[in-house]
Amino acid sequence: MTRFDLVIIPAYSAVMMLLSFRNIQSTTAICIAIILLLVGVSIGFLQASKVKISDTNKVDSHQRPILKVKRDWPYLIGWLITFAIGIGVEIFYGAHLNAGEVSQELFEEVLKDLSVVALLSGHSTWFVWLLNVATSFTYGACIVIRHPKIRDAIQRKNSNKNKSI
């Protein structure tokens with residue numbers, strides 16, 4: 001869990017969502033966006049529900065604690081629900097997907113989840129970006145709120161903080 005995961009990915013996803021959504025002006029798309037936002041927030045809460053944090057008792061080069069994050073089953077279930085919703089919205093918008101195309105989509109989504117480069121360079125539609133914003137931001141916010149050690153691990157230590165005047 002890094003600042004990149006908690007801040008940059010949701011912010012980048014938000015920018016990409018806005019850029020891809022700006023040409024969509026139908027009320028149907030706006031209603032779908034609101035529903036997806038609410039569902040995405042719920043998925044983010046689900047994904048964060050059973051996260052376990054353990055301290056490695058090590059620090060990085062900035063003297064921040066190195067923590068192990070175990071996501072557990074709710075994270076995987078939330079990820080699968082998000083994938084299924086993405087496929088469902090594609091079908092709603094008229095995509096005709098066969099088993100090979102669904103397998104390809106699944107492969108691409110797994111790759112995006114495992115590789116930041118794949119996420120940032122991949123092409124996604126507005127609803128995929130919206131789900132990513134909602135789930136990743138909510139997941140990260142829940143983790144930071146529920147586990148203060150995460151906050152310590154992602155903050156830079158101010159070297160002047162401990163100096164006396």
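Biologist: How far should the 22 residues of helix H2 (residues 27-48) span, and how far apart are its end C-alpha atoms?

Modeller: The expected span of a helix is 1.5 Å times one less than its number of residues. In this predicted model, that rule gives 32 Å for H2, and the end C-alpha atoms lie 32 Å apart, which agrees.

Biologist: Which residues of H2 are buried?

Modeller: Buried means under 20% relative accessible area. In H2, the buried residues are Ala29, Ile32, Ala33, Leu36, Gly40, Ile43, Gly44, Gln47 and Ala48. Their arc around the axis is only 120°, which puts them on the same side of H2. Against that buried side pack H1, helix H3 (73-92) and H6.

Biologist: Which exposed residues does the face of H2 turned away from its buried side carry?

Modeller: That face carries Thr27, Ile35 and Leu38.

Biologist: How many aromatic pairs does a search of the whole structure find?

Modeller: The search finds four. In one of them, the ring centres of Tyr12 and Trp129 are 5.7 Å apart and the planes stand at 80°, so the pair is edge-to-face. Tyr12 belongs to helix H1 (residues 3-21) and Trp129 to helix H6 (residues 126-146); the pair thus links distant parts of the chain, 117 residues apart.

Biologist: Is Trp129 buried or exposed, and how does Tyr12 count?

Modeller: Trp129 has 2% relative accessibility and therefore counts as buried. Tyr12, at 27%, counts as partly exposed.

Biologist: Which residue lies over the face of Tyr75?

Modeller: Arg71 does, at 4.3 Å from the ring centre.

Key:
Residues numbered from 1 in each chain as written. Predicted model: local features only at pLDDT ≥ 70, side-chain atom pairs only at ≥ 80, totals over all residues. Heavy atoms only, no water. Phe/Tyr/Trp six-rings, centres within 6.5 Å; stacked < 30°, edge-to-face > 60°. Helix = DSSP H or I, 4+ residues; strand = E, 2+ residues; numbered from the N terminus. Buried < 20%, exposed > 50% of the residue type's maximum accessible area, 1.4 Å probe, protein only. Lys NZ or Arg CZ within 6 Å of the ring centre and 35° of its normal. Arc of directions from axis to C-beta. Contact = heavy atoms within 4.5 Å.
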